[in-house]
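Please have the model open as you read.

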Amino acid sequence: MIEIWKPVIGYEGLYEVSNLGRVKSLNYKRTGNKKILKPRINNKGYIHYCLSKNGKSEYLLAHRIVWSAFNGEIPKKYVINHLDYNPLNCTLSNLECVTQSQNMRHAHLKNIILISLSNKSDVLRFRDSADASEHFGYKYPSTIDKFINHAKKYNKDTISIRGKIWRFL
């Protein structure tokens, strides 16, 4: 896929974002050099970047930066949905602008399948990460999602849950 760069809305001349979800500074640390910024992951599992303008810094979510640069301003009461359910995949082709209720319906379509590495016949299927988190006794519904997103960040397909290693699909 060819990488296409566009100005970041509100930061024109300072930063650009690509259709692959990468962000670069056009004047990194005022050196005149361009530099692709390191993506950071917030506590909800989404990629964000710290952008600065006029001495003020702001954290912006990568999927929203990508969408708005290539499609214009995100309408009020709309959100950006990741089609593959992976918040670390901020490629333009994986994003869509939807209402919050459409986003929630999409989230409920997600299935999580875990296969035990110690006993291949131990296969668990969950409707979503909230079901999986509840099954394993975690307080927060997004815990299993965070485990999976962290593993995907490092190109792994296994997670450790309560001392047992699971492969996820």
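Accessible areas here come from the Shrake-Rupley method with a 1.4 Å probe, and for residues only the protein chains shown count as cover. On that basis the protein exposes about 10500 Å² of accessible surface, with 52% of it belonging to carbon and sulfur atoms. Do keep in mind that this is a predicted model, where local features need pLDDT of at least 70 and side-chain atom pairs count only at pLDDT 80 or more, while totals for chains, interfaces and linings use all residues. Residues are numbered from 1 along each chain as its sequence is written, and side-chain values use heavy atoms, leaving out hydrogens and water.

Of the 169 residues in the protein, 39% are buried (under 20% relative accessible area, with exposed meaning over 50% and partly exposed in between; 1.4 Å probe, protein chains only). The protein has four helices and 13 strands, which are DSSP runs numbered from the N terminus (helices H or I of at least four residues, strands E of at least two). Contact means heavy atoms within 4.5 Å; among contacts between residues at least 6 apart in sequence, 35% join residues at least 24 apart.

Now find the open sheet of three strands, which has the order S5-S6-S7 and antiparallel pairing. Two strands pair if DSSP finds at least two bridges between them. Strand S5 (40-41) and strand S7 (56-61) are the edge strands, each pairing on one side only. Helix H1 (residues 62-71) packs on this sheet, touching S6 and S7, and its direction makes about 85° with that of S7; axes are lines fitted to C-alpha atoms, for helices over the stretch in contact, and angles run from 0 to 180 degrees between N-to-C directions. Between S5 and strand S6 (residues 47-53) there are two bridges, and Arg40 stands opposite His48 in S6.

Next, look for the two aromatic pairs in the structure. Rings of Phe, Tyr and Trp (its six-membered ring) pair if their centres lie within 6.5 Å, and planes under 30 degrees apart count as stacked, over 60 as edge-to-face and the rest as tilted. Tyr11 and Tyr15 have ring centres 5.8 Å apart and planes at 75°, so this pair is edge-to-face. Both Tyr11 and Tyr15 are buried. The rings of Tyr138 and Phe147 lie with centres 5.6 Å apart and planes at 80°, so they too form an edge-to-face pair. Phe147 is partly exposed, at a relative accessible area of 28%.

Finally, two lysines meet rings. A charge sits over a ring if NZ of Lys or CZ of Arg is within 6 Å of the ring centre and within 35 degrees of the ring normal. The charged end of Lys53 sits over the ring of Tyr11, 5.3 Å from its centre, and that of Lys24 sits over the ring of Trp5, 4.3 Å from its centre.
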